[in-house]
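Okay everyone, thanks for coming. Let me put the structure up on the screen, and then I'll walk you through a few parts of it.

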Amino acid sequence: MSALLQREHVEEWVSIGSINEIPLRGARCIKNGDMTIALFRTAENKIYAIEDKCPHKNGPLSQGIVHDGCVTCPLHNWVISLESGLTQGADKGQTLAFPTKLIGNEILISLSAKNG
Amino acid sequence: MKKNLVIIGNGMAPGRMLEHLFDADPDAYDVTIFNAEPRVNYNRLMLSPVLSGEKTYEDIITHDDAWYQEHGVTLHKNARVSQIDRTAKRVTSENGITLSYDTLVIATGSNPFVIPLPGHDFEGVLVYRDFDDVEQMLDAAKAGGRAVVIGGGLLGLEAAAGLRKQGMEVSVLHLMPTLMERQLDQAAGYLLEKAITDRNIDVITKANTHKILGENGKVTGVQLDDGSIIDATIVVMAVGIRPNTQLASDSGIACNRGIVVDDQMQTSDMDIYALGECVEHDGQCYGLVAPLYDMGKVLAQNLLGASKEYKGSVTATKLKVTGIDLYSAGDFAEGDDREEIVLRDAQAGVYKRIVLKDNKVIGAVLYGDTADGPWFFDLLKKGTDVSAMRDTLVFGQMFQGGAPLDPTAAVAALPDDAEICGCNGICKSQIVNTITDKGLSTLDEVRAHTKASASCGTCTGLVKQLLSLATGEEISTTTIQPICACSDLSNGDVRRLIKAKGLKTIPSVMQELEWKTSCGCPKCRPALNYYLVCDWPDEYADDYQSRYINERVHANIQKDGTYSVVPRMWGGMTSSNELRAIADVVDKFDIPAVKVTGGQRIDMLGIKKDDLPAVWADLGQAGFVSGQAYAKGLRTVKTCVGSDWCRFGTQDSTGLGIKLEKFMWGSWTPAKLKLAVSGCPRNCAEATCKDIGVICLSGGYEIHFAGAAGLDIKGTQVLGMVQTEEDVMEHVVALAQMYREQGHYLERIYKWADRIGLDEIRSQIMDQADKRKTYYDNFVFSQKFAQVDPWSERVSGKDKHEFNPLATLDLREAAE
């Protein structure tokens, strides 16, 4: 129930920086309390945010190689969709994914997860 | 309520039977399996590639634990069933599990036959049946020495070839005059014997073993009937298998050689079925995989109430020894009522013999060129009248009705029910229909959906041709492994085209070579980045995002996301100042673990990523540079103290090692590159298992290469002898450059050497001074751009974004 309630009352966008601060096909992290969120910038200049934690063994996804809307975890090569946080292929799992939007070069994130 | 189906045995036959059962009706039974082996279901056919080191156990698993879970199957591992109580319909295992069944399937397989020779129970007398046997052989192979394989049949030869590949001396003893006499005629047996002998395996035919010799309960050799003795550290018996009927006959189920089953696979007890190598059907016992799969298919349907009949199988055999092509099917004994057609090509080492009776193929033996094997097998199974094509029959399918130029014409001409994958009993129409229905476009997809080519892999070429036929796309039919799923080109092709077309950026490679993805994948991007760095050292701008994280942040990522840092200690030498600086860094950054590495330097583990630049700054002040312990590049040069200190040292091995390391550090290579220099043949620096090693002798230097001491263990090969330190530098550097220019990404030097050939490498580096000089100059040129300490660059601010968070929020919106 609490998850539902929170999703309804939070539609708050937080500004976290400029797209130019994230390398193309790369990632940067933001810290939010105990949680680290990885922000990815794809080859097409799209920005995605997912928790920096692979559902397999908690590998830091921000350190992986970015390709085709996905990131490959640096620890054991699980492939995670940047859009949904869902693992691809035969591996099963999901990491939290957060809505983002771009206004000009400014990146905004909403901290209520799409799939919380 | 669901009925209880209990299965005794977890080999390939019941595994396949369950797949058919779940495909048809996943909810018909509660399934419980008792497995005497402590593991899941694996592909026993592939044990030989595991033994030879071409595959690992993980590669050959058919059903992993998740599969059993997903299908609700209870799998008792290490649980050998000791009793079947047919009255109470209950089984009990040795480890005390008792379970009732509605239906029981016995699939106890077969036992390897052990000849009861004197000494057969000595330690070191092995059989070749399951993964435990392979592990024992691999263990034994590590100690080296000679293996004697008794039995020159399919299994015996595969065992012999595997053990030889693992570095053992091998003798094969065979009772009969020619090898594999049950599958081959004399002529093919001779060609096979020659191919086996060419692999430095001794073959002794007409060899009757008299007894096995031993000392203190351990095997030391075998003695033959003629009195001769062959020393051995292990003896492998591969003389055949016997159906394992013990449990069934103890329970009063009818058995002859095997457990007797009818066409429905039912035993003499109507609630008990049996399948696999343990059964006898119509007087026949089978030891090859295709019949077992046929039985599995029939039984699965009968368990669901159908009344299918198994009508026996005709079998064909292929030997799985890399580089030996051999195919046999049917009956090829000579006889008055038979004709034979023989084709030999001595130059190409080809022998084909087709046996006809009443104008029908009844047997075929192919050696050297087995591409037409499945076609002959199809003619044989169908009993096709071949009189119209008799004259050209032996030349194969391509020669029937003109010579088609299109390679797919041959498979196009195959009838729909022609069997393509013998292991899995998959015919042409099943593959083509699945490709069309599901829109498949890659070999992997076809394997996943049809299982064709997924077992032993020898039909891969045909499956690819079918794929190309069905999709209309050009698909390469050779066994070339593409660089990754983004391209059909092999690593070698990609490297060649990068040079030939002068491609100097990753996007241009992807464009010109028609990559199928927009920006590649984690397999091809690091490979392309390396190829471009290597080929255009001055012009190519390294693509940071195409490197693995370790090479991006110049440290090694650990399981908890922290990093480890290893500074260079040239040649393994250090000093009080260096050690003091390391101690200070460890204290200052509260580094939790410090370890001495196998490459003679010091590893600091558990460093937070944000701390890396500061750690490097402090290390840099003490004169340290990155040890590149994370790089597909030059790692360490291990040395002994040599003539500086050692009373046996012949040359200054430490000094030479440092010289090499200072010259070569910073260079990127296809895979990691580790060197060592030993000051005398006692070899304290262990140079003979390194990628490149040098052994100093009083009269010069012996250069070694292509060793390994990781996943594989291999002693080095000798490249050659040189006279001076300068010669060592020139030859070692030229060798490294040749490897840099030709290696496939992630291919260690020993694998590259296997592929290129040792003689070719020796000839280019030792004998062709101009080639050597060119390699050397290329390396020196490349080093101008490579020898920049990555740590000091980052201390000065390079890639700063990597080490700092973009923002720190304290909003803590709970996500759940």
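Before we start, one term: when I say that two strands pair, I mean that DSSP finds at least two bridges between them. And please keep in mind that this is a predicted model.

So, let's begin with a sheet in chain B where that term comes up. Three strands make an open sheet there, in the order β15-β16-β17, with antiparallel pairing. The edges are β15, residues 209-215, and β17, residues 229-231, and each of these pairs on one side only. From one strand to the next, the twist averages 30°. If you look at β15(B) and β16, residues 218-224 of chain B, they run antiparallel and 6 bridges join them.

Now to another sheet in chain B. This one is open as well and has 5 strands, again antiparallel, in the order β23-β24-β27-β26-β25. Which strands stand at the edges? They are β23 (316-318) and β25 (339-345) of chain B; each has a single partner strand, so one side of each has no neighbour in the sheet. Here the twist averages 15° from one strand to the next.

Let's zoom in on β26 and β27 of chain B. Strand β26 covers residues 350-357, strand β27 covers residues 360-367, and the two run antiparallel with 7 bridges between them. One place to look is B:V355, which stands opposite B:G363 in β27(B). There's also a helix packing on this sheet: α9 of chain B, residues 373-382, touches β23, β24 (326-330), β26 and β27 of chain B. The direction of α9 makes about 160° with that of β27(B).

Stay with those two strands for a second, and look at the loop between β26 and β27 of chain B, where B:N359 lies. Most residues other than glycine have a negative phi. B:N359 has a positive one, near 65°. Is B:N359 buried or partly exposed? With a relative accessible area of 28%, B:N359 is partly exposed.

There's another residue like that, B:M180, a non-glycine residue whose phi is positive and near 45°. You'll find B:M180 in the loop between β13 (169-173) and α6 (186-198) of chain B. B:M180 counts as buried, because its relative accessibility is 1% and the cut-off for buried is under 20%.

In chain B, β6 (residues 81-85) and β7 (residues 90-93) run antiparallel, joined by 4 bridges, and B:V81 stands opposite B:S93 in β7(B). Between β6(B) and β7(B) there are 4 residues, and in that turn B:K89 has a positive phi of about 55°.

A helix next: α11 of chain B, residues 428-438. Its buried residues are B:K428, B:S429, B:I431, B:T434 and B:I435. In an α-helix, residues three or four places apart point the same way, because there are 3.6 residues a turn. Just after α11(B) comes B:G439, with a positive phi of about 65°.

Let's step back to chain B as a whole. What domains is it divided into? The assignment gives domain 1 (3-110 + 243-303), domain 2 (125-239), domain 3 (482-547), domain 4 (551-630) and domain 5 (631-785). Take domain 4 and domain 5 of chain B: their C-alpha centres lie 26 Å apart. Across that pair, 15 residues of domain 4 are in contact with 15 residues of domain 5.

Over to chain A. Chain A has 116 residues, and 53% of them count as buried. It exposes about 5200 Å², with carbon and sulfur atoms supplying 49% of that. Of the contacts in chain A between residues at least 6 apart in sequence, 38% join residues at least 24 apart.

Last topic, cysteines. How many disulfides are there over all chains? The count is 0. For A:C29, the nearest cysteine sulfur is that of A:C73, 13 Å away. A:C29 counts as buried, at 16% relative accessibility. In chain B, the sulfur of B:C646 has its closest cysteine sulfur in B:C680, at 5.8 Å, which is too far for a bond. B:C646 is partly exposed, with a relative accessible area of 31%.

Note on methods
Residues numbered from 1 in each chain as written. Chains lettered and ligands numbered in written order. Predicted model: local features only at pLDDT ≥ 70, side-chain atom pairs only at ≥ 80, totals over all residues. Heavy atoms only, no water. Buried < 20%, exposed > 50% of the residue type's maximum accessible area, 1.4 Å probe, protein only. Contact = heavy atoms within 4.5 Å. Areas by Shrake-Rupley, 256 points an atom, 1.4 Å probe, with all protein chains shown as cover. Disulfide = S-S within 2.5 Å. Axes fitted to C-alpha atoms, helices over the stretch in contact; angles between N-to-C directions. Domains from an automatic or database assignment.
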